[in-house]
Amino acid sequence: MTLNSIKVEDSSCNATETEAVTSSSMQSSGVHKVCLPPYRTTFQKLRQRLSEIFFPDDPLHKFKNQTGLRKFVLGLQFFFPVFEWGPLYSFKLVRSDIISGLTIASLAIPQGISYAKLANLPPIIGLYSSFVPPLIYSILGSSRHLAVGPVSIASLVMGTMLSQAVSYSQEPILYLQLAFTATLFAGLLQASLGFFRLGFIIDFLSKATLLGFMAGAAVIVSLQQLKGLLGISHFTNQMQIVPVLSSVFTHKDEWSWQTIVMGVSFLIFLLATRQISTRKPKLFWISAAAPLVSVILSTIIVFLLKSKTIQTIGHLPKGINPPSLNMLHFSGPHLALAIKTGIVTGVLSLTEGIAVGRTFAAMQNYQVDGNKEMIAIGLMNMAGSCASCFVTTGSFSRSAVNYNAGAKTVVSNIIMAATVLITLLFLMPLFHYTPNLILAAIIITAVIGLIDYQAAFRLWKVDKLDFVACLSSFFGVLFISVPLGLAIAVGVSVFKILLHVTRPNTNVLGYIPGTQSFQSLSRYSAAVRIPSFLIIAVEAPFYFANSTYLQERTLRWIREEEERIEVKKETAIKCVILDMTAVTAIDTSGIDTICELRRILEKRSLKLVLANPVGNVMEKLHNSHALEAFGLDGLYLTVSEAVADISSSWKTEP
């Protein structure tokens with residue numbers, strides 16, 4: 001069988017490189033030369049590598065070839081996006097931003113109160129957190145549609161982690177101190193990740209992990225709200241499914257039928273409006289307005305009934321955010337808890353905010369700088385911790401409402417904050433008779449959408465390890481704890497990464513007739529073996545962690561091929577070709593393994609050939625002098641050229 005190699009002139013190699021990596025036989029037969037990459041110093045290599053790691057988007061490309069004044073203006077726009085969109089803002093956009101701002105405010109007010117309760121904080125803290133953070137984000141943020149405020153997941157995690165050590169009912173001041181301190185550390189972490197461009201760290205929270213985590217958290221949160229829906233006064237502070245259900249049925253004597261009837265009725269109403277808006281997106285305003293309508297109606301009903309069995313929010317103080325800088329807690333036995341809570345809530349809220357911002361940016365075909373968003377969200381939380389706010393980020397539900405309402409810029413966040421300000425200054429007494437049951441119904445409606453069983457089913461069909469990570473997160477949250485459940489899922493995800501690194505895929509390749517393509521024999525039925533050749537593709541970097549495995553797996557491929565040949569009485573193997581197209585990197589252990597493999601095969605009268613090593617792999621092989629042992633015909637640009645050239649050399653042998 002003869003394969004025609006492509007005969008084109010190649011002048012990219014200089015004379016020295018040619019002598020190092022090619023032979024005169026290659027030049028005469030038209031086989032391409034395998035060239036070394038251009039020479040670079042160690043500093044140049046390090047600089048390029050760090051640039052690829054931390055600056056893949058080249059954020060400073062706009063500053064090139066600009067005047068000093070222009071660079072100053074671009075710098076302001078870079079750090080404060082308001083200077084970029086502000087001068088271009090026109091009154092044509094005001095109407096859309098006002099409508100969307102008022103719409104998300106109608107959702108943010110009841111959700112803010114509800115999520116504060118979810119974090120075991122006073123309800124007023126939720127409104128404070130819906131006022132200051134959106135204003136800061138409107139100056140620093142780059143997303144046009146991100147609606148900022150408290151979110152269910154971060155609120156749940158903060159409430160769970162802090163309540164395990166401190167009870168708000170027993171030590172309210174200490175609890176508030178820890179909440180504000182945790183918010184500060186969350187902001188410091190988020191801003192640091194953005195400033196040092198370390199956002200890739202949050203990628204360890206895979207979608208599968210978050211899917212299971214959010215579903216488990218949604219179940220726990222929903223069960224916790226049975227306290228409000230049933231009218232129970234005494235309830236467990238634990239967040240595992242067993243003690244929560246046990247507490248529900250242990251306190252059956254506290255159940256209130258008036259609370260149950262009203263709570264279930266409003267829950268059905270909220271779920272129905274959510275379903276309507278889901279099926280008909282143009283009616284998004286129905287589900288957006290439903291929480292505020294429910295709060296108003298339930299408050300009026302309780303005020304008219306004057307029922308003492310229905311628990312209400314009670315007094316909420318009027319006025320804007322009081323300063324809380326003096327409440328930050330930097331000493332004592334609970335500092336470690338505040339830091340740990342800040343890290344966990346910071347990572348989770350940052351993940352949600354970045355994901356939501358990028359989602360709506362993609363829908364409107366504009367870019368969101370992830371690192372700038374991290375800095376904006378981080379500074380927002382740092383400032384919020386000094387203004388009586390707890391952890392906030394971009395909310396998916398409010399952002400979706402903001403987008404559907406026609407928001408054009410972040411001015412919608414300013415309108416929302418102004419609406420919350422009016423509420424704080426003048427409307428607080430109206431919430432005195434707002435029942436806790438409506439807050440429970442709002443929370444259940446919000447978190448129930450986090451249970452995506454269809455996505456879990458897709459994980460099962462596509463990737464079983466992802467499904468295991470999802471289940472680990474889900475059951476860990478349900479039966480152990482929220483932070484440990486998340487840690488278990490992250491551990492499973494890291495194990496998956498290590499498994500792929502230490503046990504990479506290898507395949508035996510065959511030739512597809514009529515082409516110069518070599519593909520997996522197990523994947524393509526049309527692929528055929530080439531007599532006397534065994535072609536093995538390695539689909540991973542050659543590292544110390546997998547070098548021994550790759551050597552053993554290669555020898556096993558050879559043994560299995562020899563056994564097959566013996567059974568079928570075919571031509572014996574003479575040459576083993578390693579297709580290194582997918583070997584993106586190699587270290588000294590990998591180089592030693594290749595050299596050792598060559599020696600083993602040489603003793604068995606088998607030739608080892610390398611095909612298509614990438615630039616940095618080629619450079620390391622050359623610098624280590626490993627190529628000298630392979631000889632002049634041990635390295636080829638493609639598998640097809642290796643087969644053609646080696647086959648022709650065998651024909652010329654006497």
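Me: At what angle do helix α21 and helix α22 pack?

Reply: This is a predicted model, where local features need pLDDT of at least 70, side-chain atom pairs count only at pLDDT 80 or more, and totals for chains, interfaces and linings use all residues. Residues are numbered from 1 along each chain as its sequence is written, and side-chain values use heavy atoms, leaving out hydrogens and water. Here α21 (residues 453-462) and α22 (residues 464-479) pack at about 140 degrees, their axes 6 Å apart.

Me: Why are α21 and α22 called oblique to each other?

Reply: Angles under 35 degrees count as roughly parallel, over 145 as roughly antiparallel, 65 to 115 as roughly perpendicular and the rest as oblique. The angle is about 140 degrees, so α21 and α22 are oblique.

Me: Which residues of α21 and α22 make the contact?

Reply: With contact meaning heavy atoms within 4.5 Å, α21 brings Ala456, Leu459, Trp460, Lys461 and Val462, and α22 brings Lys464, Asp466, Phe467 and Cys470.

Me: What makes a nonpolar core, and how many residues has the largest?

Reply: A nonpolar core is a set of buried Ala, Val, Leu, Ile, Met, Phe, Trp, Tyr and Cys residues joined through side-chain atoms within 4.5 Å; buried means under 20% relative accessible area (1.4 Å probe, protein chains only). The largest has 73 residues, and Leu121, Ile124 and Leu424 have the most contacts inside it. Helix α10 (residues 172-195) gives the most to this core, ten residues. Apart from it lies another core of 36 residues, including Tyr549 and Trp557.

Conventions. Axes fitted to C-alpha atoms, helices over the stretch in contact; angles between N-to-C directions. Helix = DSSP H or I, 4+ residues; strand = E, 2+ residues; numbered from the N terminus. Buried < 20%, exposed > 50% of the residue type's maximum accessible area, 1.4 Å probe, protein only.
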